[in-house]
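Colleague: I am new to this structure. Could you take me through how to read it?

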Amino acid sequence: MNSTTLATAIPRRRYPPGDLAIWIFILAELLVFAVFLAAYAFARSGDVALFNTYQDTLDRRAALINTLALITASFFVVRAVAAVREDDPRGCTRWLLAAIGMGLLFVGVKGGEYAHHLGEGIHLGTNTFYMFYLSLTFFHFMHVLLGLVILSAVAFKAHRGGYSAAEHTGVETGGAYWHMVDLV
């Protein structure tokens with residue numbers, strides 16, 4: 001097999017994978033999260049006792065479930081990208097649906113946490129800890145919802161045969177966004 005035949009037999013991968021615009025968006029979003037987290041760290045340093053006290057009121061089991069749900073969803077997204085690169089759009093769709101299921105688990109658990117806090121009379125004005133906790137987690141929650149919309153659109157297109165081993169930029173783009181959501 002000569003080099004010309006080999007080059008056409010193996011599709012070149014783009015770096016970074018997906019659309020360049022999503023990477024610009026991801027970097028901007030990471031900057032926003034970094035500023036938010038820096039503000040949290042600064043506020044926490046001013047009242048460590050308050051933050052430690054109210055941090056202990058959070059449900060660690062729910063946090064564990066949500067962390068595992070997002071990490072598992074990211075693994076499923078990786079498998080979806082691998083499937084489409086192997087020209088398996090049905091496999092891609094199945095993996096994306098599994099990722100969406102894990103994302104919905106996160107939404108359900110986090111929604112339950114919010115309902116509990118609101119039921120206890122906790123809100124943004126309760127104290128500095130809850131102002132940051134609720135703001136940061138809700139900002140993240142909204143990104144998870146957007147990620148679910150994106151993954152759903154990608155899964156729908158994959159189901160309809162819209163991606164192949166030769167052209168799957170949309171799957172990589174949606175996957176890149178989902179990994180950003182998981183990262184933060």
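Modeller: Start with one cut-off: a residue is buried when its relative accessible area is under 20%. Now take I22. Its relative accessible area is 14%, so I22 is buried. Keep in mind that this is a predicted model.

Colleague: Where is I22 found, and what does I22 touch?

Modeller: I22 is found in helix α2. Leaving out residues up to four places away in sequence, I22 touches T173, A176 and Y177.

Colleague: How far apart are I22 and G174 in sequence and in space?

Modeller: In sequence, 152 residues separate them. In space, their C-alpha atoms are 8.6 Å apart.

Colleague: Let me step back. How many helices and strands does the chain have?

Modeller: Seven helices and zero strands. Along the sequence the pattern reads α-α-α-α-α-α-α. The C-alpha trace spans about 70 × 30 × 20 Å along its principal axes.

Colleague: What share of the chain is buried?

Modeller: Of its 184 residues, 39% count as buried. The accessible surface comes to about 10500 Å². Carbon and sulfur atoms hold 67% of that surface.

Colleague: What share of the contacts joins residues 24 or more positions apart?

Modeller: Count the contacts with a separation of 6 or more. Residues 24 or more positions apart account for 77% of them.

Colleague: Now the core. Which residues of the largest nonpolar core touch the most other members?

Modeller: That core has 44 residues. C92, F129, V144 and W178 touch the most other members. The elements giving two or more residues to this core are α2 (20–46), α3 (48–55), α4 (60–85), α5 (89–119), α6 (128–159) and α7 (169–183). The most comes from α6, with 13 residues.

Colleague: What does C92 touch?

Modeller: Set aside residues up to four places away in sequence. C92 then touches A80, A83, V84, A158 and V171.

Colleague: Let us turn to α7. How do I check its length?

Modeller: Compare an expected span with the model. The expected span is 1.5 Å times one less than the number of residues. For the 15 residues of α7 that gives 21 Å, and the end C-alpha atoms are 21 Å apart, so the two agree.

Colleague: Why is α7 described as largely enclosed?

Modeller: Because 11 of its 15 residues are buried. Among them are T169, V171, G174, G175 and W178. The cover over the buried residues of α7 includes α2, α4, α5 and α6.

Colleague: Give me one more case. Is H117 buried or exposed?

Modeller: H117 lies in helix α5. At 5% relative accessibility, H117 counts as buried. Not counting residues up to four places away in sequence, H117 touches L58, I122, Y130 and Y133.

Colleague: Last topic, charges. How many positive and negative charges does the chain have, and how far apart are their mean positions?

Modeller: The chain has 13 positive and 13 negative charges. Take the mean position of each set.

Terms used:
Residues numbered from 1 in each chain as written. Predicted model: local features only at pLDDT ≥ 70, side-chain atom pairs only at ≥ 80, totals over all residues. Heavy atoms only, no water. Core = buried A, V, L, I, M, F, W, Y, C linked by side-chain atoms within 4.5 Å. Buried < 20%, exposed > 50% of the residue type's maximum accessible area, 1.4 Å probe, protein only. Helix = DSSP H or I, 4+ residues; strand = E, 2+ residues; numbered from the N terminus. Contact = heavy atoms within 4.5 Å. Areas by Shrake-Rupley, 256 points an atom, 1.4 Å probe, with all protein chains shown as cover. Lys, Arg positive; Asp, Glu negative; His and termini not counted. Charge placed at Lys NZ, Arg CZ, Asp CG, Glu CD.
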